[in-house]
Amino acid sequence: MLTLTMAKEWINALAKIYDENQTMLTELDAAIGDADHGINMARGFNAAKTDLDTHPQSDLPGLFRTVAMALIKNVGGASGPLYGSFFMKGGPSLPADNADLAAVLKAFEAGVGGIQKMGKAEAGEKTMLDAWLPALKEMAAAVGDGAGFADGLARTAATAEAGAEATVEMLATKGRASYLGQRSVGHKDPGAASTALMIRSLADLAKE
Ligand code: ADP
Ligand code: MG
């Protein structure tokens, strides 16, 4: 179950994970973008953590909304509004507390729908969606198989990581990396890498 407590721990963990991976993500973005993705993610999730510390939320939709607003307000790059839209669109369908795997899948599907509506990207364009879309497919398969919460999220995280890895060979046709044309090939997409970290972090919390 995704409890309200676990969701807050997830955001705390993401603030730390994006701090620790700031250099790695920024180096990925230096190769095919403008070298700010690590900075953007660390700034955004530290702001979300602080906002939740100062304005504790009493239900999952409220928590997701607070995170969305923090990301939109504090992140300059494209990833701020895109991840902001994920949390904004993902939150409303969640129960107040104790979301099972199917409920989290529904929220993630709505959230990724928000990313697609805003960014107009599809699979194979070398963006964060190349981590999200295969991950959602695997998560839906896990729900169909009757997988447990931790097991379902572990499968989802592994698929997101494979999806991020697969962006190395892709030609970027959306976002800043698309300006490079063929020179974008051979580098992992930073947003796909940050998405894989986001899902892995939740899977790790679910294991505990
Ligand atoms: P910016 O590109 O404005 O510098 P960031 O560096 O923080 O913003 O984020 C870049 C990441 O955003 C890319 O690696 C990619 O995954 C994601 N991205 C960019 N444009 C889109 C889009 N249209 N749809 C989905 N994801 C996108
Ligand atoms: Mg950038």
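**Around the ligand**

Start by selecting ligand 1 and the shell of residues around it: that shell splits into 6 nonpolar, 8 polar and 5 charged residues. Keep in mind that you're looking at a predicted model.

Now show the side chains of His37, Asn40, Ala78, Ser79 and Asp189, which come nearest of the 19 residues around ligand 1. Stay on Asp189 for a moment: an N or O atom of its side chain is 2.6 Å from an oxygen atom of ligand 1.

At Gly191, a backbone N or O atom sits 3.0 Å from an oxygen atom of ligand 1. At Gly119, a backbone N or O atom is 2.9 Å from a nitrogen atom of the ligand. How much of ligand 1 does the protein bury? On its own the ligand exposes 560 Å², and the protein buries 92% of that.

**The pocket**

Hide the ligand and look at the space it takes, which is the largest pocket. Colour helix 3 (37-54), helix 5 (79-90) and helix 9 (190-207), the elements that each give two or more residues to the shell around ligand 1. Helix 9 gives the largest share, 3 residues.

The volume of this largest pocket is about 520 Å³. Sorted by class, the lining holds 9 nonpolar, 9 polar and 8 charged residues.

Conventions
Residues are numbered from 1 along each chain as its sequence is written. Chains are lettered from A and ligands numbered from 1 in the order in which they are written. This is a predicted model: local features need pLDDT of at least 70, side-chain atom pairs count only at pLDDT 80 or more; totals for chains, interfaces and linings use all residues. Side-chain values use heavy atoms; hydrogens and water are left out. A residue is near a molecule or strand if one of its heavy atoms lies within 4 Å of it. A polar contact is a pair of N or O atoms within 3.5 Å; within protein, one must be able to donate a hydrogen and the other to accept it, and residues adjacent in sequence count only if both atoms are side-chain atoms. Accessible areas come from the Shrake-Rupley method with a 1.4 Å probe; for residues, only the protein chains shown count as cover. On a 1 Å grid over the protein atoms alone, a cavity is a set of points where a 1.4 Å probe fits but cannot get out, and a pocket is an open set with protein on both sides within 12 Å along at least five of seven lines; lining residues have an atom within 4 Å of a point. A molecule sits in a cavity or pocket if more than half of its atoms lie within 2 Å of its grid points. Helices (H or I, at least four residues) and strands (E, at least two) are DSSP runs, numbered from the N terminus. Ala, Val, Leu, Ile, Met, Phe, Trp, Tyr, Cys and Pro count as nonpolar, Asp, Glu, Lys and Arg as charged, and the others, Gly among them, as polar. Grid points are joined across faces, edges and corners, and a volume is the space filled by probe spheres set on the points.
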